[in-house]
Amino acid sequence: MLIAQLTDLHIGAGRRLAYRKVDTAGALEKAVAHVMAMVPRPDVVLFTGDIGDLGDQQEYALVAEILEKLTIPYFMVPGNHDRRGPLRAAFPDATPVKGTTAFVNYVVDDFPLRLIALDTLNEGKPGGVLEAEQLDWLRDVLLDGEGRDCAIFMHHPPIRSGIAHMDAQNLGEGADELAAIVSVHRDRIKAIFCGHVHRPIHTIWAGVPLMIGPSVAHQVAFDLRADGPSAFVMEPPAMHLHVWDAGQHSLMTHLAYLDRYDGPHPFFGPDGKLIV
């Protein structure tokens, strides 16, 4: 099973440039074209938040137009730049919430790896939260899956990355409770996929691999100083490709760049000799 993780799209209405510089709509178009051209093609795409930049209907309409070329299943969770109501209205199939809950929490059971969407949005605030109702929902979900291996995908990471201005707005309230839940079920939770930080980051948290995906558009500047400024860089747009091996109960993550680069070039010539 191949899972493409695209995150932090930040699409502006009318193809507005983010921060007057970043062509986020163009970046999403390149990302979709890259995914669709892959061989083998991913089985599913997970969008881990910040689908829009202001969370309005015009932004999501543009996203929907671009995603018309994405013909494989995809699912979304909101980020801090999103709003639940407009997001769910624009993408009901990609946010298949059951019942009357206000949160974009749901389970996808259609693949070899169970996918659990967790909504960390605290509307109007940059940082994330998980309320008691959501934590109870997650406990119930982890008990009703008949022992299936699963992965959680959400926007805000519950870790400190060392990038100070991003750590100030990571998952706050509910993070300790989430760690306790994950630790109990760490044999079945094979990974946690996050966005928000705009950098590829890998660690172990609560006994489980946790991966933060790079943005498909712009990256947060890599600066580990305690007083580092809030800034972005135009490093290569990228995505994570998660490879689930059901037979081995193992998950591997590749970093895949989305721009075109020179190559591939052979290491060996027609005569089988190394090219020097």
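Which residues is Thr7 in contact with, leaving aside its neighbours within four places in sequence? They are Thr48, Gly49, Gly195, His196, Gly213, Pro214, Ser215 and Val216. Contact here means heavy atoms within 4.5 Å.

A word on the model. It is predicted, so local features need pLDDT of at least 70 and side-chain atom pairs count only at pLDDT 80 or more, while totals for chains, interfaces and linings use all residues. Residues are numbered from 1 along each chain as its sequence is written, and side-chain values use heavy atoms, with hydrogens and water left out.

Back to Thr7. You find Thr7 in the loop between strand 1 (2–6) and helix 1 (24–37). Helices (H or I, at least four residues) and strands (E, at least two) are DSSP runs, numbered from the N terminus. Thr7 counts as buried, because its relative accessibility is 1%. Buried means under 20% relative accessible area, exposed over 50%, and partly exposed in between, with a 1.4 Å probe and protein chains only. The Thr7 side chain makes polar contacts with the side chain of Asp8 at 2.8 Å and with the side chain of Thr48 at 2.7 Å. A polar contact is a pair of N or O atoms within 3.5 Å; within protein, one must be able to donate a hydrogen and the other to accept it, and residues adjacent in sequence count only if both atoms are side-chain atoms.

Now the sheet. Strands of a sheet pair through backbone hydrogen bonds, either parallel or antiparallel. Here, six strands form an open sheet in the order 4-5-6-7-9-8, with mixed pairing. Two strands pair if DSSP finds at least two bridges between them. The edges are strand 4 (106–108) and strand 8 (201–205), and each pairs on one side only.

Look at strand 7 (residues 189–194). Six of its six residues are buried. Strand 7 pairs in the parallel sense with strand 6 (150–153), over four bridges. There, Ile152 stands opposite Ile192. Strand 7 also pairs in the parallel sense with strand 9 (208–212), over three bridges. Phe193 stands opposite Met211 in that strand. Strands 8 and 9 pair in the antiparallel sense, over five bridges.

What lies across strands 6, 7, 8 and 9? Helix 6 (residues 175–184) does, running at about 70° to strand 8. Axes are lines fitted to C-alpha atoms, for helices over the stretch in contact, and angles run from 0 to 180 degrees between N-to-C directions. The buried residues of helix 6 are Ala175, Leu178, Ala179, Ile181 and Val182. They sit on the same side of the helix, because they cover an arc of only 165° around the axis. That arc is taken from the directions from the helix axis to the C-beta atoms. On the other side, Asp176 and Val184 are exposed.

Last, salt bridges. The whole structure has 13. Each is a side-chain nitrogen of Lys or Arg within 4 Å of a carboxyl oxygen of Asp or Glu. One of them joins Asp144 to Arg114, with the closest N and O atoms 3.0 Å apart. Asp144 is in the loop between helix 4 and strand 6, Arg114 is in strand 5, and the two are 30 residues apart. Asp144 is partly exposed at 47%, whereas Arg114 is buried at 6%. Asp109, Arg114, Asp144 and Arg148 are linked in a network of salt bridges.
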